[in-house]
Amino acid sequence: MRILLINCILSTSEQGVITRRESNEDCMIYNFARGFVANGHTVTICASEEFKPLENESNNFEVKYFESKLPKLFRPDLIPYPKGLRSFVKANIDRFDVVIASEVFQLATLLIADLCKGKLVIWQELSLHNRMLFKLPSKVWYNLTSTITAVKDALIVPRSESAKKFIKRYFSNVSDEIVEHGANGEVLKPVKHANRTFVVVSQLIKRKNIESIIKKFADFIRCEKYSDFKLNIIGDGNERVNLEKVVQGLGVIENVVFCGFLNHHQMSGYLANSYALLVDTFRDLNMVTIPESIVAGTPVLMNTVPNTADFVHKNKLGLAVDNWGVIELEEMVNKYALFHANCIAIRETISNIGSARNMISIINRRVCKNV
C-alpha cells in the first residue's frame with residue numbers, strides 16, 4: 001500500500017518555541033512510518049518546515065517539508081498553515097492508496113480533505129477542546145467540519161478511549177478500534193532484571209511537574225532499604241536549573257542524575273534497566289514516552305492525566321494513581337516481576353510495527369477494501 005502521512009507538528013513545543021534537533025529520527029511519526037515500511041508498505045510524510053532537522057537524514061521513507069504561511073495567525077507549533085500542501089496532494093493523490101492525517105482540528109486536514117475522497121483517514125489524539133480563546137474556535141471547528149466539509153466523510157481512528165469518546169460527539173464514522181502511538185521495538189529492547197533505579201523521560205518544563213517526582217523520590221530513599229536507589233532524569237528544558245536546586249536542597253545529589261537530552265539509542269539502556277518510568281504531569285494527552293517505556297519492558301507509575309492511564313491500568317502495566325507517593329513507589333519495586341512480564345506480553349501490539357499493522361487492518365476493512 002502507498003501511504004501519505006500528514007503530520008505537520010513533529011514534536012511538542014513549549015510557549016511557541018520549536019526546538020530543531022540534529023535529527024528527527026526518534027519522533028513519533030517517523031517511527032510510525034518505519035512500522036508501515038516494516039509491514040511492506042511505502043510512506044511519504046508531510047511536515048512543517050519549522051521542524052526540519054539540522055542535518056541530512058537517511059530514511060527508508062520520504063519526508064517533504066512545507067513552509068508555514070501566516071505564522072503569527074496560524075502558529076506552526078499549534079495549527080500550522082502549510083504552504084503548498086494542497087497543491088502537492090492535488091498533483092500526487094493518484095500516487096497514494098490512503099492518506100492518514102493527524103487530527104480533525106488541523107488546517108492541513110481541512111485543506112486536503114476534499115482531494116482525498118474515499119482515501120482519507122484521520123488519526124485522532126485530541127480528547128478535549130483546545131483551550132485557545134475559551135475553546136470557541138475548537139468548538140466551532142468540530143461542529144462545522146462534521147457537517148459541511150469533506151472531513152465529515154473521513155474514517156476517524158482514535159488513539160485512546162478518551163479520544164474516541166470525545167470525537168464521537170461530533171462524527172459518526174469513528175472506528176471502535178484504537179491505534180496507539182507505537183514505539184520502536186528494534187531500539188527499545190527489554191532486559192531480564194532491573195537495576196535499582198527509576199527513570200523520568202520528559203521535557204524539563206513546569207507542566208511536566210518534575211519537581212513533584214523528585215520530592216516523592218527523596219521521601220522514598222529515606223527508607224533505609226531503598227537508600228541506594230537512583231533517579232535518572234532524561235531530557236532538557238528551561239526548568240533544569242531550578243530542578244537541580246531542588247535536588248541540592250533536598251540533599252539527594254548522589255541519588256538524582258540529570259542526563260540531559262538523549263536519543264533513543266542512548267536512552268534505551270536507562271529505560272530498560274529501571275523499575276519504572278515516573279509520570280506526574282499537570283497536562284498531557286498520549287505521552288509517547290509511556291508506550292516507549294512499555295515496549296522497553298519497563299512498567300509505568302503515573303497519574304491519571306494522560307489518556308494512556310486507562311490502558312496502563314487495564315493491562316496491569318504499572319500503576320495509574322493520582323497523588324502517588326512512597327507507597328506506590330514501593331509497590332512498583334515489589335510487583336516489578338508481574339508488571340514487567342505484562343509489558344513483555346503486550347509490547348509487540350504497541351510497537352511501531354504492531355500499531356502500523358493495526359492501522360492497516362482497519363483501513364483494509366473500512367477504507368481500501370480492494371487495495
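In this predicted model, Asp97 is a buried residue, its relative accessible area being 14%, a value that falls under the 20% limit for burial. Asp97 takes part in a salt bridge with Arg2, in which the closest N and O atoms are 2.9 Å apart. Because Arg2 belongs to strand S1 (residues 2-6) and Asp97 to the loop between helix H2 (85-92) and strand S4 (98-102), this pair ties together parts that are 95 residues apart in sequence.

The salt bridge between Arg2 and Asp97 is one of 22 that the structure holds. Another is formed by Asp176 and Lys168, whose closest N and O atoms are 2.7 Å apart. In this pair, Asp176 counts as exposed, at 53% relative accessibility, whereas Lys168 is partly exposed, with a relative accessible area of 40%. A further salt bridge joins the side chains of Glu244 and Arg240, with an N to O distance of 2.9 Å. Both of these residues, Glu244 and Arg240, lie in helix H7, where they are four residues apart, about one turn of the helix. Glu244 is partly exposed, with a relative accessible area of 31%, and Arg240 is likewise partly exposed, at 28%. Salt bridges with shared partners also join Glu103, Glu125 and Arg159 into one network.

Charged residues also form a group on the surface, where Lys135, Lys139, Lys165 and Arg169 gather in a patch of positive charge. Among them, Lys135 is placed in the loop between strand S5 (120-124) and helix H4 (136-145), and Lys135 is partly exposed, with a relative accessible area of 36%.

Burial is a marked feature of helix H6, which spans residues 210-220: eight of its 11 residues are buried, and the helix is therefore largely enclosed by the rest of the structure. The buried residues of H6 are Ile210, Ser212, Ile213, Ile214, Lys216, Phe217, Ala218 and Phe220. The elements against which these buried residues pack include the strands S7 (197-201), S8 (230-234), S9 (256-260) and S10 (277-278), together with the helices H7 (240-250) and H11 (326-334).

Notes. Residues are numbered from 1 along each chain as its sequence is written. This is a predicted model: local features need pLDDT of at least 70, side-chain atom pairs count only at pLDDT 80 or more; totals for chains, interfaces and linings use all residues. Side-chain values use heavy atoms; hydrogens and water are left out. Buried means under 20% relative accessible area, exposed over 50%, partly exposed in between (1.4 Å probe, protein chains only). Helices (H or I, at least four residues) and strands (E, at least two) are DSSP runs, numbered from the N terminus. Contact means heavy atoms within 4.5 Å. Patches are made of residues with over 30% relative accessible area and no salt bridge: like charges are joined within 9 Å, nonpolar side chains (Val, Leu, Ile, Met, Phe, Trp, Tyr) within 5 Å. Accessible areas come from the Shrake-Rupley method with a 1.4 Å probe; for residues, only the protein chains shown count as cover. A salt bridge is a side-chain nitrogen of Lys or Arg within 4 Å of a carboxyl oxygen of Asp or Glu. Lys and Arg count as positive and Asp and Glu as negative; His and the chain ends are not counted. The place of a charge is taken as NZ of Lys, CZ of Arg, CG of Asp or CD of Glu.
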